[in-house]
There are 2 protein chains.
Amino acid sequence: MRRPDDTAGEMLRRPISLANEVYEALYGQLMSLKIEPGSRISVDQLVRSLGVSQTPIREALSRLEAQGLVVKQHLLGFRAADQLDRARLNEIYEMRMMLEVFAAGRFAERRSKAELKELRSLDNEMKGIDAGQSRSAYGEFAKRDAAFHGFMAKRCGNELVFDTLNRFHIHVHLFRLHFHARATTDANKEHEQLMIAVENGNAAAAEEAMRHHLERSKSRFEGAFE
Amino acid sequence: MRRPDDTAGEMLRRPISLANEVYEALYGQLMSLKIEPGSRISVDQLVRSLGVSQTPIREALSRLEAQGLVVKQHLLGFRAADQLDRARLNEIYEMRMMLEVFAAGRFAERRSKAELKELRSLDNEMKGIDAGQSRSAYGEFAKRDAAFHGFMAKRCGNELVFDTLNRFHIHVHLFRLHFHARATTDANKEHEQLMIAVENGNAAAAEEAMRHHLERSKSRFEGAFE
DNA sequence: CAATCAAATATCCTATAGGATTTGATATCG
DNA sequence: CGATATCAAATCCTATAGGATATTTGATTG
């Protein structure tokens, strides 16, 4: 499943789909925690608040359910997915440990000069955001961090790896947001190690750097459960 | 308030969902290739042939789209997903190589006596089929093979790994069916190696056996592209 | 005859309505 | 007072209808 905003590139834009509009609206509200995890989502209420009929709303919710952002029970309706618990977070990190380490290695082997430049600039932007700043500053950091990881995943030569990781990133993002995570200088240092390995085209080193980064990242998050 | 006849514990049977019925019907037709890969799927035609309205049909198709069995284009409708091409098959095997090797290792560490017994009986059933070369016999083999792999994935301790693999397995199944894949005796030998490692609780050996099995499996399938 | 255009048909997308079920509030009983 | 039953409202699920778009058919022209 792709991000909702990758329709760019289509010169001929067909008339927009209402279902798509609703999807984006709900996606935004879920990602910003305006709709609380676990809370009920009534179709009829959305009909009134959004001013569109049930049909496109149900379709949008169906797609969100496929992404795991929403859960549906027959005759009971939709709910926003629950917050990640410890076990689930652990599962996600086990997956990332496999897929992102793979992606880092393959990207290190295939990356072009232009890609390196783009990635480096993302990295620099992140370093420009001070650690321990406000929550909105973290939003900017998180956006770059997701782009940084996604950049390598997308260019690892395996689209399934990218799609699968994308599914998880959404939930990690929500988790971070909920626990008021901050940008850290540690993460920047770990990214730097990864950048160097990638720039050298050293796949083994890139894999190791990514592994180390994910392990540290995980232990930083686990503090939230204490 | 409880109903008079729900003493069966979890089997709370709510009135069936039409959307669900349609989903199952279409799923079956797709999995048996009654609906050809790449062919168009018209909602209005299904309304006439299934005798239900558009709404549950659209919802069923939405779910199939999330599973990757169907693709939708705005204003153009739904199509059955294309057959796997070589690049895509390769991507799936790269993923399986990571996730199933992981699953085999974790399962070898955690498996109970009862689980071992169940897995062994599945394995034996497969070996009994092995001689038969007919197409229907292969169907039986494929069913067990899927159960065999799924059994370990489901018990590896990581539900995301299981869910992700499940998504791919559907496509592998279709691919196999289309190319009338055979060669079951080799697979049985490889399974035997895996069983031994699992029974010994030797995670490293189980991982290696799974890795070897997948490599061989992949090269068997690649013959279809020659 | 091939290519182009126009009308007719098929299909998709959205809106609306109504039956079925759940949920929440009120009343009743022990 | 607490628990259960009853009724009303909210909500879900499905059916149907109609406007918008795509596709096919048929006619016209070079």
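Reply: The account below begins with the interface and then turns to salt bridges and local backbone features within the chains.

The model is a predicted one. In it, 28 residues of chain A are in contact with 28 residues of chain B. The area buried between chain A and chain B is about 2600 Å², and carbon and sulfur atoms give 59% of that area. Of the area that chain A buries against chain B, 22% is supplied by A:His74, A:Met98 and A:Leu160, more than any other three residues.

Charged and polar pairs also join the chains. Four salt bridges are counted between chain A and chain B. In one of the salt bridges, the side chain of A:Glu159 meets that of B:Arg88, at 3.5 Å from N to O. Residue pairs in polar contact between chain A and chain B number 11, with both residues at pLDDT 80 or more. On the side of chain A that touches chain B, α3 (54-66), α4 (86-110) and α7 (159-178) each supply at least two residues. The largest share, eight residues, comes from α4(A). Sorted by class, this side of chain A has 13 nonpolar, six polar and nine charged residues.

Salt bridges are found within the chains as well, and the count over all chains comes to 39. A:Glu192 and A:Lys127 meet through their side chains at 2.4 Å, N to O. This pair links distant parts of the chain, 65 residues apart: A:Glu192 lies in helix α8 (residues 185-199) of chain A and A:Lys127 in helix α5 (residues 113-128) of chain A. A:Glu192 counts as partly exposed because its relative accessibility is 21%, and A:Lys127 is likewise partly exposed, at 33%. Both belong to a network of salt bridges that links A:Arg120, A:Asp123, A:Lys127, A:Glu192 and A:Glu199.

In general, an α-helix has 3.6 residues a turn, so residues three or four places apart point the same way. A:Lys143 is exposed at 55% relative accessibility, whereas A:Glu140 is partly exposed at 34%.

In chain B, B:Arg79 forms a salt bridge with B:Asp82, the closest N and O atoms being 3.7 Å apart. B:Arg79 is partly exposed at 28% relative accessibility, while B:Asp82 is exposed at 52%.

Helix α3 (residues 54-66) of chain B has 13 residues and reaches 18 Å between its first and last C-alpha atoms, close to the 18 Å expected. Its buried residues include B:Ile57, B:Leu61 and B:Leu64. After α3(B) comes B:Gly68, with a positive phi near 85°. Most residues other than glycine have a negative phi. B:Leu75, although not a glycine, has a positive phi of about 70°. B:Leu75 is found in the loop between β2 (70-73) and β3 (77-80) of chain B, and it counts as exposed because its relative accessibility is 61%.

How values were computed
Residues numbered from 1 in each chain as written. Chains lettered and ligands numbered in written order. Heavy atoms only, no water. Contact = heavy atoms within 4.5 Å. Buried area = accessible area lost by both parts, 1.4 Å probe. Polar contact = N/O pair within 3.5 Å; in protein donor to acceptor, adjacent residues only side chain to side chain. Helix = DSSP H or I, 4+ residues; strand = E, 2+ residues; numbered from the N terminus. Nonpolar A, V, L, I, M, F, W, Y, C, P; charged D, E, K, R; others polar. Expected span 1.5 Å × (residues − 1). Buried < 20%, exposed > 50% of the residue type's maximum accessible area, 1.4 Å probe, protein only.
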